[in-house]
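Please open the model in your viewer and keep the selection panel at hand.

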Amino acid sequence: MAAAALDKSVPEKLPPSLDATAEQPPLFDGTTKLYTCYTCPFAHRVWITRNFKGLQDEIKLVPLILQNRPAWYSEKVYPPNKVPSLEHNGKITGESLDLIKYLESNFQGPSLLPEDPAKKEFAEELFSYSDTFTRTVFTSFKGDPAKEAGPAFDHLENALHKFADGPFFLGQEFSLVDIAYIPFVERFCIFLSEVFKYDITAGRPKLAAWIKELNKIEAYKQTKTDPKEMVEVYKKRFMA
């Protein structure tokens, strides 16, 4: 079945982001909360997973403004002071890849991990590579992205050839692997095109088709960031 048909997300009015002046929401009141940021790609991994599995009523968003985050977040909620983190069953856990797997294991909704052993193994390989991928591309912003980040995008192109029966990393099955990569690829595609005139999809037809297919999925589309705002943030962060 097509990923869009399995998507359980619904339209949602997003709560306003909290800054340093905001009061802390009640902690451990029985509500499952996802502490997030509307512009953070790591947090978007968990946000997309939540949406796709139809957990928008079950897991409440608590968005933070990271540049002016509330002191209570590190003092009382999550000492590492990063997003995302999840408040569930009387504890707080973090790290985006761990959390998307946690949602898959502990909540209802469409499955986002395969049963097939070969696909499970390949999924773990791609999870392991994701930090290398993001670090390589971010580092390239200070140099020559086409030369320095090109091999990282080639890695994704080659990975998308592994299972030829569908457009996703694991073939026909939209999975947590796609979710792990798309928030970053989205940003890299926009930023590299706008600032460096580098088209990451040129000569990479599988990557282009994958991006096109992801943009049919509402659970992902609901999380997309404003491209102009993102470009300006990345310019200040990486090119100042």
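Helices (H or I, at least four residues) and strands (E, at least two) are DSSP runs, numbered from the N terminus, and two strands pair if DSSP finds at least two bridges between them. This is a predicted model, in which local features need pLDDT of at least 70, side-chain atom pairs count only at pLDDT 80 or more, and totals for chains, interfaces and linings use all residues. Residues are numbered from 1 along each chain as its sequence is written, and side-chain values use heavy atoms, with hydrogens and water left out.

Begin with the open sheet, whose four strands run in the order 2-1-3-4 with mixed pairing. Its edges are strand 2 (59-63) and strand 4 (91-94), each of which pairs on one side only. Next, select strand 1 (residues 32-36) and strand 3 (residues 85-88), which are antiparallel and share three bridges. Here tyrosine 35 has serine 85 in strand 3 as its bridge partner.

**Helix 9.** Move to helix 9 (residues 205-214) and display Leu207, Trp210, Ile211 and Leu214, which are buried. Buried means under 20% relative accessible area, exposed over 50%, and partly exposed in between (1.4 Å probe, protein chains only). Viewed down the axis of helix 9, the buried residues fall within an arc of 95°, so they line one face; the arc is that of the directions from the helix axis to the C-beta atoms. On the other side, Pro205 and Lys212 are exposed. Finally, show helix 7 (150-159), helix 8 (176-196) and helix 10 (218-221), which are among the elements covering the buried residues of helix 9.

Definitions and conventions. Contact = heavy atoms within 4.5 Å.
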